[in-house]
Amino acid sequence: MKIAGANVLLTGASGGIGEAVCQRLLREGARVVAVGRSESRLNGLLRHPSPGGGLSIVMADITTGAGRRKICDAVAKLMPEINALVNAAGVNRFGALPTTDEEDIERIIHTNLTAVILLTRSLLPSLLKNPSVIVNVGSTFDSIGFPGFAVYCAGKFGLRGFNEALRRELAGTLVSVCMVSPRATDTPINHKAVRDMNKALKVKTDTAEETARAIVESLRREKPGNYTGWPEKFHAALNRLFPSVVDKAVARQMPVIRRFIGQ
Ligand SMILES: NC(=O)c1ccc[n+]([C@@H]2O[C@H](COP(=O)([O-])OP(=O)(O)OC[C@H]3O[C@@H](n4cnc5c(N)ncnc54)[C@H](OP(=O)(O)O)[C@@H]3O)[C@@H](O)[C@H]2O)c1
């Protein structure tokens with residue numbers, strides 16, 4: 001899709017990756033309706049130059065019916081010819097399963113999976129009217145189960161299934177459906193324990209701008225799938241074909257992982 005002149009609804013716009021996606025889209029001349037919950041961070045987006053003339057902010061919680069209605073009302077008013085939806089909002093809580101409370105489990109699955117499905121369903125009638133692209137932001141952990149991220153992985157693996165089924169369901173319509181699976185990225189979603197563990201495991205970390213570039217490229221090229229980074233791309237394929245090899249590799253990392261997940 002052509003980014004200049006595109007009408008994009010972007011969730012997670014107040015976050016590290018979302019803000020970088022928003023800036024890049026505006027620089028390239030897209031119109032963006034930017035969604036988040038933090039008023040101050042959303043207002044911060046308004047300071048960026050937007051040559052296409054089009055940034056609007058909407059403060060809304062995607063996990064509530066009222067929040068999603070507010071987003072749909074804003075789209076109807078500000079961007080009736082919407083032709084891109086970037087589902088980038090997400091949450092995480094790192095830790096062993098017994099240390100993850102019920103509320104966090106529900107919040108993670110609801111935000112990263114159920115709310116994305118519900119918002120996408122609400123916007124689909126509008127998206128189907130024009131050539132459009134839906135980009136779902138997954139993670140390396142949408143294909144590789146990793147200790148300390150069991151609930152996050154459950155949500156992101158679910159998102160991958162939703163993405164694939166919807167892509168096939170909408171084949172032959174005006175809407176294409178894409179998934180970007182970023183590797184670790186330096187943003188506030190990763191608390192100190194995750195950053196320290198990544199350092200100890202020598203996990204490569206991208207900047208928010210690098211990940212944003214991959215997301216915007218997926219939008220531009222309508223790439224069905226896009227894992228960012230080596231060796232993550234390779235590990236995802238290896239895990240699909242030979243999961244026992246990855247089981248053994250992760251088992252070797254467990255003494256380090258245990259230091260951080262509180263087991
Ligand atoms: N950083 C990484 O290492 C990494 C790697 C792979 C994939 N990802 C994925 O990339 C996406 C963006 O993450 P990030 O790294 O930019 O994290 P972040 O800086 O923590 O940003 C998360 C964004 O999600 C929004 N959000 C969370 N719950 C919401 C809700 N209930 N309603 C509306 N918005 C909500 C936040 O809005 P408020 O702050 O305004 O509430 C914020 O804009 C997520 O889907 C994440 O899973 C991140």
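Ser-132 of strand β5 (residues 132-137) stands opposite Val-175 in strand β6. The structure is a predicted model, in which local features need pLDDT of at least 70, side-chain atom pairs count only at pLDDT 80 or more, and totals for chains, interfaces and linings use all residues. Residues are numbered from 1 along each chain as its sequence is written. Helices (H or I, at least four residues) and strands (E, at least two) are DSSP runs, numbered from the N terminus.

Strands β5 and β6 pair in the parallel sense over 6 bridges; two strands pair if DSSP finds at least two bridges between them. The chain passes from β5 through helix α5 (residues 150-169) to β6, and this β-α-β crossover is right-handed. A crossover is given this name if, with the strands pointing away from the viewer, the path from the first strand over the helix to the second runs clockwise. Strand β6 (residues 175-181) is largely enclosed by the rest of the structure, because 6 of its 7 residues are buried. A residue is buried if 20 or more other C-beta atoms lie within 10 Å of its own, exposed if 12 or fewer, and partly exposed in between, with C-beta atoms placed from the backbone. Strand β6 is also joined by 3 bridges to strand β7 (residues 225-227), and the two run parallel. Here Val-180 stands opposite Asn-226 in β7.

Strand β1 (residues 7-11) and β2 pair in the parallel sense over 5 bridges, and Leu-10 stands opposite Ala-34 in β2. From β1 the chain crosses through α1 to β2, in a β-α-β crossover that is right-handed. Strand β2 and strand β3 (residues 55-59) likewise pair in the parallel sense, over 5 bridges; the bridge partner of Val-35 in β3 is Val-58. In strand β2 (residues 31-36), 6 of the 6 residues are buried, so this strand is largely enclosed by the rest of the structure. In a regular strand the side chains alternate between the two faces of the sheet. Both faces of β2 are covered, with Arg-31, Val-33 and Val-35 buried on one side and Val-32, Ala-34 and Gly-36 buried on the other.

In soluble globular proteins, nonpolar side chains tend to be buried together. A nonpolar core is a set of buried Ala, Val, Leu, Ile, Met, Phe, Trp, Tyr and Cys residues joined through C-beta atoms within 7 Å. The largest nonpolar core has 52 residues, and those with the most contacts inside it are Leu-10, Val-21, Val-32, Ala-34, Val-86 and Ile-215. Residues up to four places away in sequence aside, Ile-215 touches Val-21, Val-86, Val-135, Val-137 and Val-180. Two residues are in contact if their C-beta atoms, placed from the backbone, lie within 7 Å. Another core, of 11 residues, lies apart from the largest one and includes Ile-108, Val-151, Tyr-152 and Val-194.

The shell around the ligand has 29 residues, of which Gly-15, Arg-37, Gly-90, Thr-187 and Ile-189 come nearest. A residue is near a molecule or strand if its C-beta atom, placed from the backbone, lies within 6 Å of it. Helix α1 (residues 16-27) gives the most to this shell, with 3 residues. By class, the shell has 11 nonpolar, 15 polar and 3 charged residues. In this classification Ala, Val, Leu, Ile, Met, Phe, Trp, Tyr, Cys and Pro count as nonpolar, Asp, Glu, Lys and Arg as charged, and the others, Gly among them, as polar.

Several backbone features were also noted. Most residues other than glycine have a negative phi, and most peptide bonds are trans. Lys-202, although not a glycine, has a positive phi of about 55 degrees. This lysine is found in the loop between α6 (192-200) and α7 (208-221), and Lys-202 counts as exposed because it has 7 C-beta neighbours inside 10 Å. Glu-222, in the loop between α7 and β7, has a positive phi near 55 degrees. With 15 other C-beta atoms within 10 Å, Glu-222 is partly exposed. The peptide bond from Trp-230 to Pro-231 is cis, with omega near 5 degrees, and Pro-231 is placed in the loop between β7 and α8.
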